[in-house]
Amino acid sequence: MGKYKTLEISQRAPNSPVYNLTLNRPSARNALSRDFFTEFPDALASLDRNPGAAVVVLSGAGDHFCAGIDLKALTSITEPGQSTDRGRTGERLRRDIKHMQDAITAIERCRKPVIAAVHGGCIGGGVDMMTACDIRYCSEDAFFSVKEVDLGITADLGTLQRLPDIVGYGAAMELALTGRRFGGSEAKELGLVSGVFASKSALDEGVGAIAESIGAKSPLAVVGTKAVLQKSRDMTLDQALDYVATWNSSMVLSDDLTEAVAAQSQKRKPIFAKL
């Protein structure tokens, strides 16, 4: 599964379909370094290719989920390059931003569902990551901030594009313009997270159980549900219905359907082939 400077991949338990993808720079509050933006999409791609991985749980080591982009990385991106031409400098900066955006979007490219389990601080780039996840949960001690406005920049890694679809346009605008800190209970009220757990250990156990339940379902149905929901965001209703009809016309006549029906009639748990 590879060795990473900023991440750790582990299987939740032997033979489990759930894999943990952990941000692993606890001494830096899991701030996102330059290495992260290369390693993160690579790690997600490896999990996507792994037939034993059905669900990915994204979390942070130590006391916090993610403190945002490492200031050293931010400085290296914005410092002048070799060229004194503003156009060429701007073009280089645009490529750097697109590279970082692509790393976050790798969550959506991963066919397998990615569940965010947030504890402690989730700031700036941390919000970019969690809003790209398919399901989000947090612990009671979690706190959030769309912090970029306080650093004199416009958030550019996906929060401003994804957050309005999750919490609504007005709430997203208020959170992004004020940069204010808000807690787990408000995150639940806003719909940013689906549930709040009493502690980090309860979060890990609860999210793990949810991930295991998803991992026990038909892999074709799970990846299809993620793909169709994502695609439908950018389509009219008629286009989205046509898309899912085309999807199921090629996927629904599978052994998974036969097994699911047989398992229900025989009152047993279904057993599906890996994807």
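The structure is a predicted model, in which local features need pLDDT of at least 70 and side-chain atom pairs count only at pLDDT 80 or more, while totals for chains, interfaces and linings use all residues. Residues are numbered from 1 along each chain as its sequence is written, and side-chain values use heavy atoms, with hydrogens and water left out.

**Sheet and helix**

- Three strands, in the order 5-7-8, make up an open sheet of mixed pairing, where strands (E, at least two residues) and helices (H or I, at least four) are DSSP runs numbered from the N terminus, and two strands pair if DSSP finds at least two bridges between them.
- Strand 5 (121–123) and strand 8 (182–183) are the edge strands, each pairing on one side only.
- Strand 5 pairs with strand 7 (residues 143–145) in the parallel sense over three bridges, and C122 stands opposite F144 in strand 7.

**Salt bridges**

- The whole structure contains 16 salt bridges, each defined as a side-chain nitrogen of Lys or Arg within 4 Å of a carboxyl oxygen of Asp or Glu.
- One of them joins E186 to R180, with the closest N and O atoms 2.5 Å apart; E186, at 23% relative accessible area, is partly exposed, a class lying between buried (under 20%) and exposed (over 50%), computed with a 1.4 Å probe on protein chains only.
- D204 and K200 also form a salt bridge, at 2.8 Å between the closest N and O atoms, and these residues are separated by about one helical turn because they lie four residues apart in helix 8 (residues 200–215).
- Salt bridges with shared partners link E108, R162 and R233 into one network.
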